[in-house]
Every structure is written in structure tokens, then in C-alpha cells.
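Please keep the sequence and the model open while reading.

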Amino acid sequence: MSRHATNAELGQGRGVIEHYREYLPVSDSTPVISLGEGDTPLVHCPQLSTRVGHGCDVFVKNEGVNPTGSFKDRGMTVAVSNALGRGASALVCASTGNTSASAAAYAARAGISCAVILPAGKIASGKLLQAFVYGAKIVAIKGNFDDALRIVRELGERDAFAIVNSINPDRIAGQKTAAFEIVDSMGDAPDFHLLPVGNAGNITAYWAGYREYHARQKSTKLPAMIGFQAAGAAAIFYNRMIERPETVASAIRIGNPASWKQARAAIDESHGAIDIVSDEELGAAQTWLARHEGIFVEPASAASIAGLFKCCDSNEAACSFKKIPEGSRIVCTVTGHGLKDPNMIQKQMEELRPVAPIVSDIRRVLGL
């Protein structure tokens, strides 16, 4: 093998376009902009499975190991590849964080510029840092995400920007590949799929992926799609726009989801449900998942785990697992890595006070 071997020659980092090209809106002439996204682990979680009981198996689809640390990369590779193929010289997006990081990285990879419009003071520092280091032009506005998306729509109409938010259908097309991977790994679709809901593009994409694979007889069934919104930003659950959405989970702090209608269709068609979880439940689930299954996720990602616990324990759950069919298989998507938004965890840490480098002192601190 040549020391100058490409990724293709190495058989590594193919990316979702090369892996699922026949299912995506690309052609042989599309310039593929990839960072080796996709192929994320589907992790069997024994302690989550025990928590559900009834002989069920719970799996976590860990999207936090994508190149920029979130699921956004799946859709971004398709959106940016097609934008470049159409001659775009600049990207633009509104963001609560993960989209900006992903768009900026793929723009850098493509050699074009990227503009990010975001709500001032409402984005996790880790994500803002990513957008900055990848070279994006960042504009903070005095408003929320919905205001930012309105501005992006206007910029896309007037100027030579390619919009790479999930209102771009290429984003949804790329994100549906996560459903393909799950079916490919499990040999069939799960019975239930739980995931966070913010702008609602991801639940829309997963359902599209499951339906497409089922139509092509790659699976024998379709899962019930169960989405979870933060209680302070739950427009779909309450069936009304939230003027001032508030939650510690910045990635899903959205009051007027762009894919609201499509998400509602996914929930209804799959005989699923939409539910809410509190910020306290998000924090508890984030810590529980890290300490019991070794998976560290950002607060918004923990919505699927907090939702799973609610399905198991609460009489108020929109979908109860107390009488779940024996042997059901459940997938929970976690969308972003915990290091993107570690503030909640940092606040829980006690100050580390150095001790003398003596075994007896170390044993005392360890309680031995």
C-alpha cells in the first residue's frame, strides 16, 4: 500500500454518501465533501435494558462520535456537496450550536466561506469555539433561534448563500442514513425509537429512512417514533409556538420547529408519541448514562434517555413501557457529545485540592 493512499484505498472513513449513494440525492458528478461521517456505534446497554425489563434490549445510537461531535454531519455532507456542485461559494445557517460547528467544518473542507447567525448568549461555549476555529463568520443577534432562522431565509433569497439548515431537504436526506445503519446492524428495524426533538428535522429524517428501507424490503417492520422535547421548549407537545423557549438543553431550545409538520406526521404514521422532560430530568439522565453505561452526552441528547425513564416509571408518560411487549428492541439516539456543552456537569464538580504525594494521604482521600 502506498504511503500516499487515500481514504478510499484504505477502506476507511467512506462517509455516508459513498456508503449510501443510491439512496441519496447525488449524482456521479457531485463533488463529495466528507469528513468520514456516519458509521456510528449502536451500543447495547445492559443496564438500560434491565431498567426497562420485560426481556427488552436497549441500544444507544451514539451520534456524538461523528467528526464534529454531533449528528448534524450526516446531513451536512450531502447539503454542502450539492451546494458546491451548484456553484455555491458561501454557506449560511442559523444555529443553537451543533449546526454551526458542522457547517463551518464542512465549509472549511470545501474551501468556501460560512456565515453563522446565532442567538446571543444562547449557545454552548464548546460549539461556539468550534464554529470559530473552523473559520466561520459569526453574527450574534438580540433574539432567539427562530429569529435567526428567519434572517437566514431572507439572506438565502437575496444573496449568494446556500442555506444548510434542516429546511434544506439535502440535510434530511443525509440524516436518514442513521436509520439505515440501525437496520443494517440489527438485521431489522427496532420496535421503538426514542430521540430528542428540537427543530424536528432528525425525527423526520429517521422516519423517512425507516420507511424507505421498509419499502425496499430491507426490514420487516417500522418502529414507533417517540420524541422528547424540553418542557420549556415544547411547541409540538403543547401544539403552540413558544415565544421565549427556555431550557438548559441549548441544542433543542427552539420555539417554532422548522420541521413541525413533518415530525407530527412521523409520530402519527408510526403510532408513536411526543412527550416532554424537565431540565432536572435531563441532567439526571445525562449523569446516569455516563456513570452506568460510559456514554457522555450533552444535555439535549439526554432527552431520549430521560424520556426512556419516563416511559418506564411515570403514569403521565405519553407512551408507557410498563406493559411493553416482551423482548422488544428499543433504540435511543443521543445526538451530541458531552464535551460540547459541559456546563451542567462542571457546576457539580468540587474544587480539587492537592494533597501530599504520600500513600497514606491518598488512601484517606479515597476513603480506604
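**Aromatic cluster and overview**

Tyr 20, Tyr 23, Phe 180 and Tyr 213 form one aromatic cluster. The model is predicted: local features need pLDDT of at least 70 and side-chain atom pairs count only at pLDDT 80 or more, while totals for chains, interfaces and linings use all residues. Residues are numbered from 1 along each chain as its sequence is written, and side-chain values use heavy atoms, with hydrogens and water left out.

**Aromatic rings**

- Rings of Phe, Tyr and Trp (its six-membered ring) pair if their centres lie within 6.5 Å; planes under 30 degrees apart count as stacked, over 60 as edge-to-face and the rest as tilted.
- By this rule the structure has nine aromatic pairs.
- Tyr 206 and Tyr 210 are four residues apart in helix 10 (residues 201–215), about one helical turn; helices (H or I, at least four residues) and strands (E, at least two) are DSSP runs, numbered from the N terminus.
- Tyr 206 is buried at 0% relative accessibility, and Tyr 210 is buried at 1%; buried means under 20% relative accessible area, exposed over 50%, and partly exposed in between (1.4 Å probe, protein chains only).

**Charges over rings**

- A charge sits over a ring if NZ of Lys or CZ of Arg is within 6 Å of the ring centre and within 35 degrees of the ring normal.
- Arg 51 lies over the face of Phe 309, 3.9 Å from the ring centre.
- Arg 240 has its charged end over the ring of Tyr 238, at 5.3 Å from the centre.

**Salt bridges**

- The whole structure contains 17 salt bridges, each defined as a side-chain nitrogen of Lys or Arg within 4 Å of a carboxyl oxygen of Asp or Glu.
- Lys 61 and Glu 181 form a salt bridge at 2.7 Å, N to O.
- Lys 61 is in strand 2 (residues 57–62) and Glu 181 in helix 9 (residues 177–186), so this pair ties together parts that are 120 residues apart in sequence.
- Lys 61 is buried at 1% relative accessibility, and Glu 181 is buried at 6%.
- Arg 150 and Asp 147 form a salt bridge at 3.9 Å, N to O, and both lie in helix 7 (residues 145–158), three residues apart, about one turn of the helix.
- Arg 150 is partly exposed at 44% relative accessibility, and Asp 147 is partly exposed at 27%.
- Glu 212 and Arg 216 form a salt bridge at 3.6 Å, N to O, and belong to a network of salt bridges that also links Glu 22 and Lys 176.

- Six strands form an open sheet in the order 1-2-10-7-8-9, with mixed pairing; two strands pair if DSSP finds at least two bridges between them.
- Strand 1 (42–44) and strand 9 (273–277) are at the edges with a single partner strand each, so one side of each has no neighbour in the sheet.
- The twist averages 25 degrees from one strand to the next; axes are lines fitted to C-alpha atoms, for helices over the stretch in contact, and angles run from 0 to 180 degrees between N-to-C directions.
- Strand 8 (residues 224–230) and strand 9 run parallel and are joined by five bridges, and Ala 230 has Val 277 in strand 9 as its bridge partner.
- Helix 9 lies across strand 1, strand 2, strand 7 (192–196) and strand 10 (329–334), at about 135 degrees to strand 2; contact means heavy atoms within 4.5 Å.

**Four-stranded sheet**

- Four strands form an open sheet in the order 5-4-3-6, with parallel pairing.
- Strand 4 (residues 113–119) and strand 5 are joined by five bridges, and Ile 117 has Val 139 in strand 5 as its bridge partner.
- Helix 5 (residues 98–110) lies across strand 3 (90–94) and strand 4, at about 175 degrees to strand 3.

**Val 58**

- Val 58 lies in strand 2 and is buried at 0% relative accessibility.
- Not counting residues up to four places away in sequence, Val 58 touches several residues, including Val 43, Leu 48, Leu 308 and Ile 330.
- The C-alpha atoms of Val 58 and Cys 45 are separated by 5.7 Å, although the two are 13 residues apart along the chain.
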